[in-house]
Amino acid sequence: MGVIVNKENINNDDLSRRIDADLRAKMVESVGVVDGETPDYVDDSEYMEDYKKTSRFSWIWIVLIALALLSLISIFTF
């Protein structure tokens, strides 16, 4: 396959922009975009059904992991 290059790119660019604008407008109507954000429906999927968000005590796990790493470092250095 080859690409045909000609001097009518200006007309094609205008046509492409109009088609792009029309498709975006149709997408906004069909999807229901709010404030420029498109919904991704991740929270509604079956995969995320039984998961919950990180609780406020997640910092305890970070502290415990850090203490475990510090204890391993101190064991192997002394």
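This report covers the helices, salt bridges and surface of a predicted model.

Residues are numbered from 1 along each chain as its sequence is written, and side-chain values use heavy atoms, with hydrogens and water left out. Because the model is predicted, local features need pLDDT of at least 70 and side-chain atom pairs count only at pLDDT 80 or more, while totals for chains, interfaces and linings use all residues.

**Helices**

The protein has two helices and zero strands. Both terms refer to DSSP runs numbered from the N terminus: helices are H or I with at least four residues, strands are E with at least two. Helix H1 spans residues 9-31. Helix H2 covers residues 58-77, 20 residues in total. From first C-alpha to last, H2 reaches 29 Å, close to the expected 28 Å. That expected span is 1.5 Å times one less than the number of residues.

**Surface**

Of the 78 residues in the protein, 0% are buried. Buried means under 20% relative accessible area, exposed means over 50%, and partly exposed lies in between (1.4 Å probe, protein chains only). H2 has zero buried residues among its 20, so this helix lies largely in the open. The protein exposes about 8200 Å², with 61% supplied by carbon and sulfur atoms. Accessible areas come from the Shrake-Rupley method with a 1.4 Å probe; for residues, only the protein chains shown count as cover.

**Salt bridges**

Side chains of opposite charge can pair when their charged atoms come close. How many salt bridges does a search of the whole structure find? The search finds two. A salt bridge here is a side-chain nitrogen of Lys or Arg within 4 Å of a carboxyl oxygen of Asp or Glu.

| Salt bridge | N to O distance |
|---|---|
| Arg-17 with Asp-14 | 3.1 Å |
| Asp-20 with Arg-24 | 3.2 Å |

Arg-17 and Asp-14 sit three residues apart in H1, which means about one helical turn separates them. Asp-20 and Arg-24 also lie in H1, four residues apart, about one turn of the helix. An α-helix has 3.6 residues a turn, so residues three or four places apart point the same way.

Arg-17 is exposed at 56% relative accessibility, whereas Asp-14 is partly exposed at 38%. Arg-24 is exposed at 52%, and Asp-20 is partly exposed at 36%.
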